[in-house]
Amino acid sequence: MTSHLIINAPIVDGAHSERSAPMQVLVENGIIIDVDKSISSSKAEVIDAGGRTLMPGLIDCHVHVIACLADLGRNAMLPDSLVTARASRIMRGMLMRGFTTVRDVGGADFGLKIAMDEGLIEGPRLVISGKALSQTGGHCDFRGRFDDSPARSNGHRLGSLGRLCDGDAEVRRAVREEIKAGADFIKVMANGGCASPTDPIHFLGFSKSELMAIVEEAANAGTYVAAHVYTDAAIRRAVDCGIRSLEHCNLIGEETALRAVEAGCIAVPTLVTYDKLSSEGLQLGFPADSVAKVENVRIAGMESLEIMRRVGLPMAYGSDLLGDMHKHQSDEFVIRGQVLPAQDVIASATSVGARLLGAESRIGSVSPGFEADLILVDGNPLDDLRLLSGQGQHMPLIMQQGRIVKHCALN
Ligand code: ZN
Ligand code: ZN
């Protein structure tokens, strides 16, 4: 039995606006057993945090671990073996930034989860949607205007974010197949997008009856639907169709945001990806047409945070980065911190993320009975969110389910 006693550690978890007094945390067999001012344990290995901040492991609710290229059309053509190897590197990078859980919203398959369980890949706990559902000509149709090859030609590949389906019967089959293959929830492209070639931002993805069929099938399997949505009209339609997780939301209006609150939705803004796509996208192979599409949603994004905060729509942390831009995953903390209180930004990556995953009694808090996903941070992130950014250089200790995955000398 492995057992650790972390001492001299004030806690920040997003639930309070101040750091706690220095606490002691006892971890046994991957679970937090006790959190108190003073704990005695004869067998635990003691880790003296030296007054550093102890936080729950971070949760990113919008990633694509298989997106090793910014050009998603080309990514879908890569051999599965290469995508697996590159995904393992991307996932390790996430863990080393303090993300102990991520929700993959398009691409990752159940095999990656098995590889993690077997210790073949070191990375965050994966919660997956399997392939995202897109209509023909929608956000996962990368065939280009004059390519009329069969729609399902590469939807089965690991490097493909999504699959195409049209009509009630096909969308129901697609949901059932993804659930059968191990999806934890369902992702649907309910709006045009930036990365795809033939769907402007204003396009609505799927008919209402298709969206409701998708939501019904997900509910039959005991889970929920996440939708890629930018425009106010697309978000409102998604809410009305019973979709729970609203990705991006850059162009949301106040009335729709209120409706989303009443429906119990959670938004997942992903502002860092527009920032990086506009500054680095072109040189990293993101198509020029797509870079142009990014500008509108990028500028509206900051305003959307204020609107959602004003009406009380909960926001989970999302990054949505592709290819070599993954290294900017933690910059979302700093971007949101320009508009939102640091406590709220931290909560997005702890308690709110956990709630979206339906795991609020297991992760996202430093509390007895929770998984021992823990990070130590130099300084106080409530005062400076930049301490959470970069490649984990301000995190001398990262623990996942009680296992130390990073431990620098603490002095
Ligand atoms: Zn999206
Ligand atoms: Zn995405």
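Predicted model: local features only at pLDDT ≥ 70, side-chain atom pairs only at ≥ 80, totals over all residues.
**Domains.** I started with how the protein is divided: there's domain 1 (4-57 + 362-407) and domain 2 (60-329). I then looked up how far apart the two sit, and their centres, taken over C-alpha atoms, are separated by 31 Å.

**Where they meet.** I checked the contacts next: 17 residues of domain 1 touch 11 residues of domain 2. Together the domains bury about 1,100 Å², with 46% of that on carbon and sulfur atoms. On the domain 1 side, Gln-391, Ile-398 and Gln-400 supply 42% of the buried area, more than any other three residues. I also found 3 salt bridges between the domains, plus 6 residue pairs in polar contact. I looked up a salt bridge between Glu-371 and Arg-125 too, where the closest N and O atoms are 3.7 Å apart.

**Cores.** Which residues have the most contacts inside the largest nonpolar core? I got Val-65, Ile-214, Ile-243, Leu-246, Phe-286 and Phe-333, in a core of 102 residues. Another core, of 18 residues, lies apart from it and includes Ile-6, Val-35, Leu-54 and Leu-376.

**Zinc.** I zoomed in on the zinc ion (ligand 2): His-62 (NE2), His-64 (NE2) and Asp-320 (OD) coordinate it at 2.0 to 2.2 Å. The spacing of these donors in sequence is H-x1-H-x255-D.

Technical notes. Residues numbered from 1 in each chain as written. Chains lettered and ligands numbered in written order. Heavy atoms only, no water. Donors = N, O, S within 2.8 Å, 3.2 Å for Na, K, Ca; no water. Core = buried A, V, L, I, M, F, W, Y, C linked by side-chain atoms within 4.5 Å. Buried < 20%, exposed > 50% of the residue type's maximum accessible area, 1.4 Å probe, protein only. Domains from an automatic or database assignment. Contact = heavy atoms within 4.5 Å. Buried area = accessible area lost by both parts, 1.4 Å probe. Salt bridge = Lys/Arg side-chain N within 4 Å of Asp/Glu carboxyl O. Polar contact = N/O pair within 3.5 Å; in protein donor to acceptor, adjacent residues only side chain to side chain.
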